[in-house]
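Let's take a walk through this model together, one piece at a time. Keep the viewer open so that you can turn to each part as it comes up.

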Amino acid sequence: MENKEFLADRIRTMEYHLNMGPQHPATHGVMRMILTLDGEEIKDVEPVLGYIHRSIEKMCERDTYKQIIHLTDRLDYLSAHMNGEAVALLVEKALGIEVSDRIRVIRTMIAELTRIASHLLWWGVMGMDTGALTTFMYAFRDREMINDIFEETCGARLTMNYNVIGGVRYDLHENFQKRVKEFIKHMKKKLPEFDRLLSDNVIFRKRTEGVGYISKEDAIAHGLNGPTGRGSGFSCDIRKIHPYSAYDMVEFDEILLNGGDSFSRYKVRILEMWESLRILEQLVDKIPEGEYRMKTKAVIKLPVGEHLQRVETARGDFGVYVISDGGKTPYRLKFRSPGFANLHGLNAMTKGEKIADLVVNFSTIDVVVPDIDR
Amino acid sequence: MITLTIITDWLMKYMSADAAFYTELVIVAAIYLAVFAIFGLFLVWMERRVAGFFQLRLGPNRVGPMGLLQTIADALKLVTKELTGTKKADSYLYRLAPYFVIVTALMSMAVLPFSAELQAFDINIGLFFIASVSSVGVIGIFLAGWASNNKYSLIGGMRTGIQMISYELSVGMVIVTMATLAGSLRMSEIVELQKDGWFIFSGHISAIIAFALFMIAGTAESNRTPFDLVEAESELGAGFHTEYSGMNFAYYFLAEFINMFIISAVAVVIFFGGWLSPFGITDSIPYMGVFWFMLKTLFIIFLMMWFRWTFPRLRIDQLLTLEWKYLIPINMVNIVLMALLVWLGLTF
Amino acid sequence: MTKSELKEKISSWSEELNFVEEGSEFLVVEVPAHLLRETALKLRDDKDTAFDYMFSMTGVDYGEKLGVVYHLESTTHHHMIEMKVYTDDRENPAFDTLSDVWPATYLNECEVYDFFGIKFNNHKNLRRIFLEEEWKGWPLRKDYVDEVNMLIR
């Protein structure tokens with residue numbers, strides 16, 4: 001049996017390069033990937049970035065701390081609030097400003113609403129990428145409710161610009177509690193329906209189960225984080241490990257699944273939406289009274305040294321690292337984006353699989369390209 | 001043999017028998033071309049409205065009453081577009097490819113029995129003719145993928161070719177099953193035989209299995225979701241017709257909808273009684289069969305559109321696994337089952 | 001492990017490692033360039049430190065020196081550490097690559113090369129990842145001047 005030679009092994013094949021170019025319906029943003037293919041099997045994926053690079057890190061070296069918060073909304077625009085929260089928390093911790101409980105609860109509630117909005121959009125796009133085009137419409141219709149809440153309170157729908165150093169910009173609108181309660185009731189009816197539409201579908205299961213497997217050790221070594229890492233069993237929720245804002249006041253579970261494949265990563269995000277609804281329910285009736293904006297000095301100067309603040313956005317573990325020399329502007333500021341860390345995991349997940357699997361894997365990593373390119 | 005005797009008689013007054021024959025051929029071809037175009041436009045409108053209702057929105061409803069003229073506006077737009085093409089494309093094959101698909105679709109339409117009196121080409125191997133002609137349509141897609149000189153188109157063309165060739169087998173086997181029940185391949189005779197009961201009821205178990213298989217294989221034949229990997233917009237741009245624009249693209253687009261119509265029409269003829277009305281209510285009225293035929297065909301087309309807007313799509317190897325490892329064995333068992341039923345006289 | 005225990009453990013590996021206590025909430029280890037790979041491997045493989053998650057890699061221009069700051073975290077012991085490595089050479093700075101120690105550094109090293117010009121030896125495909133291939137200069141350095149694109153107040 002050892003000498004048996006198959007004809008297929010003697011046929012000489014050649015690898016070729018295929019460009020999934022910057023304009024492409026499946027890459028969520030302008031990103032280019034150069035695939036090395038052998039037939040339909042992928043041998044290597046190499047990303048070429050920079051199509052939306054705006055040199056935000058260099059700009060931050062010339063802006064004061066109050067101005068930097070305006071730039072953070074544009075990094076990962078689907079979790080705009082949480083990016084600004086990271087910078088605000090960093091400055092408040094360094095200067096020793098104590099924020100009132102009301103501010104912490106408001107920040108947490110808007111953050112959880114942003115998380116649900118981001119995961120809804122992800123769900124719609126995931127259905128669209130696998131071919132069920134209707135899910136996109138359903139997800140956007142429900143996301144409109146969240147956008148209306150934001151518009152009333154924060155003034156804008158997507159890039160909210162609501163955090164300032166020392167608190168939030170405006171107080172809550174009087175309709176806020178009522179609208180959030182309506183939204184929670186509506187979502188609790190809709191989420192099981194959405195879940196069943198894709199998760200119980202045989203075709204969807206066959207497209208995602210067993211596809212893009214990555215083990216827990218590989219996930220940690222490649223730096224995968226957020227829901228992507230939690231789908232492989234890596235416990236990395238910053239809300240639990242280093243709690244901030246009002247997360248130590250509420251009860252919620254960290255979702256960990258051990259599958260390691262695309263279906264687990266999909267399921268983690270659906271279950272996270274349930275947990276966010278649970279947090280909102282616990283907080284909506286107990287918003288404490290207090291100030292919505294603490295007094296700070298007019299010119300903010302951080303003490304000499306280094307500061308780090310980590311926040312859990314919808315994509316994963318977002319970090320802000322500042323090296324300060326005591327002046328008005330930071331000496332060096334670095335945004336650690338979760339998408340950039342997850343991108344290299346794509347290579348490990350897709351070795352030996354087909355192009356259709358690459359689209360599914362890329363969709364479960366949930367990349368927003370301005371987050372990577374900064 | 002052409003059964004439009006009215007036209008033949010009228011023409012015989014002015015010309016000799018031979019000239020009348022050829023003129024009649026030309027007139028009938030022109031009528032079918034017009035029906036092809038108008039029906040294609042109507043189906044596109046229907047798809048957009050149905051999609052809108054599934055997605056909780058209205059489809060096009062501004063241009064014309066209920067948006068019926070929307071597709072004509074789109075067709076005008078496509079006609080006035082520039083016909084781009086790449087320099088390195090093989091220009092002869094590139095321009096030849098769409099014609100394969102259109103011609104085969106038109107040829108298949110010619111044998112469909114719209115009513116007892118309206119059938120252009122009533123040969124005694126009608127069903128077999130449809131199956132063989134639709135196989136030729138695959139060549140058009142291969143040519144398009146190859147002649148565009150584009151990696152994406154080539155991959156798309158290869159995938160389509162494999163898919164259509166595989167599912168032709170399933171469609172052919174279902175046709176064999178129903179021909180066993182009918183005892184004939186001639187389309188008008190199959191419809192006549194269903195006057196006592198539609199085949200889906202008289203062939204009970206075996207016919208119902210055959211219908212399910214036919215719906216799956218038929219959806220795959222016309223490249224609709226869940227089998228539309230060819231034009232998987234999320235992956236490869238537009239598959240094999242990436243390099244086509246304007247009228248060339250319109251050819252493929254219309255041909256897809258007409259293919260869907262043909263598959264539905266064949267399903268109606270071999271399962272649901274063709275142009276017969278339920279319980280024979282209006283069978284005596286001439287030309288009324290057209291109404292029933294269209295109604296049933298539109299219902300099956302609606303079913304195929306429902307599939308499209310609900311299911312995700314299958315990957316290419318899953319698609320082929322489904323066909324070769326599951327559908328073909330079931331089909332073979334079903335043929336034997338139907339043969340047994342007919343031989344033992346167990347049909348209704 | 002607390003800061004002092006970590007400091008004891010790591011200083012036992014080599015004499016040349018420098019420790020900085022103030023200025024940051026984590027322990028800072030300053031590693032000379034020739035010991036970078038060895039220290040990284042020991043930090044990852046040793047059972048008491050077990051730093052298996054590389055959280056962030058930052059290039060910094062200190063004025064005369066160029067350097068890289070690694071933030072490492074352990075998922076079993078839940079402690080964090082900062083590892084810094086410097087070089088005085090501004091013309092051709094080079095460090096050893098750590099992409100086989102922690103694969104997460106693969107794309108980060110391309111980014112540091114793109115913005116600071118620091119080369120990494122034995123990297124599989126070091127290339128400019130954000131800017132164009134033909135861009136001249138290293139933008140995030142403090143002495144970078146670009147008349148057209150930069151606006152300085």
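How many residues of chain A are in contact with chain B, and how many of chain B with chain A? The contact joins 22 residues of chain A to 20 residues of chain B. Please keep in mind throughout that this is a predicted model. On the chain A side, four helices each supply at least two of the touching residues: helix 5 (101-130), helix 6 (134-153), helix 8 (202-208) and helix 14 (355-365). Sorted by class, this side of chain A has 12 nonpolar, 5 polar and 5 charged residues.

Chain A also touches chain C. Here 25 residues of chain A meet 22 residues of chain C. If you look from the chain C side, the elements giving two or more residues are strand 3 (53-61) and helix 3 (105-116) of chain C. Strand 3 of chain C provides the largest share of that side, with 6 residues. By class, the side of chain C that touches chain A comprises 15 nonpolar, 5 polar and 2 charged residues.

Chain C has 3 helices and 7 strands, and along the sequence they follow the order α-β-β-α-β-β-β-β-α-β. Its C-alpha atoms fill a box of roughly 50 × 35 × 25 Å along the principal axes. For 153 residues, a compact globule would have a radius of gyration near 15 Å, and the 16 Å of chain C agrees with that. Of the 153 residues in chain C, 36% are buried. Among the contacts in chain C with a separation of 6 or more, 46% are between residues 24 or more positions apart.

Arg127(C) sits in the segment after strand 7 (119-121) of chain C. Is Arg127(C) buried or exposed? Arg127(C) counts as exposed because it has 11 C-beta neighbours inside 10 Å, and the cut-off for exposed is 12 or fewer. Between Arg127(C) and Tyr106(C), which are 21 residues apart along the chain, the C-alpha separation is 11 Å.

Now go back to chain A and find strand 8 (residues 332-336). All 5 of the 5 residues in strand 8 of chain A are buried, so the strand is largely enclosed by the rest of the structure. Both of its faces are covered, with Arg332(A), Lys334(A) and Arg336(A) buried on one side and Leu333(A) and Phe335(A) buried on the other. Strand 8 of chain A pairs with strand 7 (residues 317-324) of chain A in the antiparallel sense, over 5 bridges. Within this part of chain A, Val322(A) has Leu333(A) of strand 8 as its bridge partner.

The last stop is in chain B, at a pair of helices. Two packed helices are described by the angle and the distance between their axes. The axes of helix 2 (residues 17-54) and helix 11 (residues 247-271) of chain B come within 9 Å and cross at roughly 90 degrees. These two helices of chain B are therefore roughly perpendicular to each other. Helix 2 of chain B brings Phe36(B), Phe39(B), Gly40(B), Leu43(B) and Val44(B) to the contact, and helix 11 of chain B brings Leu254(B), Phe257(B), Ile258(B) and Phe261(B). By class, this contact has 8 nonpolar residues, 1 polar residue and no charged residues.

How values were computed: Residues numbered from 1 in each chain as written. Chains lettered and ligands numbered in written order. Predicted model: local features only at pLDDT ≥ 70, side-chain atom pairs only at ≥ 80, totals over all residues. Axes fitted to C-alpha atoms, helices over the stretch in contact; angles between N-to-C directions. Parallel < 35°, antiparallel > 145°, perpendicular 65-115°, else oblique. Contact = placed C-beta atoms within 7 Å. Nonpolar A, V, L, I, M, F, W, Y, C, P; charged D, E, K, R; others polar. Rg over C-alpha atoms; globule rule 2.2 N^0.38 Å. Buried ≥ 20, exposed ≤ 12 C-beta atoms within 10 Å, placed from the backbone. Pairing = 2+ DSSP bridges.
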